Amino acid sequence: MRESVQAVQAEVMMSFLVSEELSFRIPVELSYKAHDPYAVRLTFHLPGDAPVTWAFGRELLIDGVGRACGEGDVRVSPVDPDVLGEVLIRLQVGGDQALFRSSAAPLVAFLDRTDKLVPLGQEGALADFDAHLDEALDRILAEEQSAG
């Protein structure tokens, strides 16, 4: 596990559920960056293929650990809503879909670390700060170029 002041990363083993009879374990990298405070990224390392990264709302993953949620391309739900045990993540592109099963514990631990970096509900303040910083830097650079 690597962690900097501005990012949180973890690797989790998930089951890729190909069919009712066939599944295999794959490593999945979880990443979260303070400069993109609303999103988490999951990079799936499927055998024989290039890694595939999906980005979606951190809040969707948080909510999906405890109850079924999501619409469209990304859906997250507990296997058993009464037990914090395993989580299903369904990703869909057109008619194709992939289903992954993960233990809830490493997801919760990762999400807890993201909350320490950027507390849930504080993303907007951070995003605004970054926007103001970018504007200030642009003004400084423009002033330096016009002066030089």
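1. A pocket here is an open set of points on a 1 Å grid over the protein atoms alone, where a 1.4 Å probe fits, with protein on both sides within 12 Å along at least five of seven lines; lining residues have an atom within 4 Å of a point.

2. Please keep in mind that this is a predicted model, in which local features need pLDDT of at least 70 and side-chain atom pairs count only at pLDDT 80 or more, while totals for chains, interfaces and linings use all residues. Residues are numbered from 1 along each chain as its sequence is written, and side-chain values use heavy atoms, with hydrogens and water left out.

3. The space in the largest pocket comes to about 190 Å³, a volume filled by probe spheres set on the grid points, which are joined across faces, edges and corners. Its lining divides into 8 nonpolar, 2 polar and 1 charged.

4. For the overall fold, the protein chain has 3 helices and 8 strands, in the order β-β-β-β-β-α-β-β-β-α-α. Both kinds of element are DSSP runs numbered from the N terminus: helices are H or I with at least four residues, strands E with at least two.

5. Leu-42 deserves a look: this residue of strand β4 (residues 39-44) counts as buried because its relative accessibility is 0%. Buried means under 20% relative accessible area, with a 1.4 Å probe and protein chains only. Leaving out residues up to four places away in sequence, Leu-42 touches Met-14, Val-28, Glu-29, Leu-30, Val-52, Thr-53, Trp-54, Phe-56 and Ile-89, where a contact means heavy atoms within 4.5 Å. Ser-31 is 11 residues from Leu-42 in sequence and 6.6 Å away, C-alpha to C-alpha.

6. In helix α1 (residues 58-66), Arg-58, Leu-60, Leu-61, Gly-64 and Val-65 are buried. They lie on the same side of α1, because they cover an arc of only 160° around the axis, taken from the directions from the helix axis to the C-beta atoms.

7. Among contacts with a separation of 6 or more, 34% join residues 24 or more positions apart.

Key
Buried < 20%, exposed > 50% of the residue type's maximum accessible area, 1.4 Å probe, protein only. Nonpolar A, V, L, I, M, F, W, Y, C, P; charged D, E, K, R; others polar.
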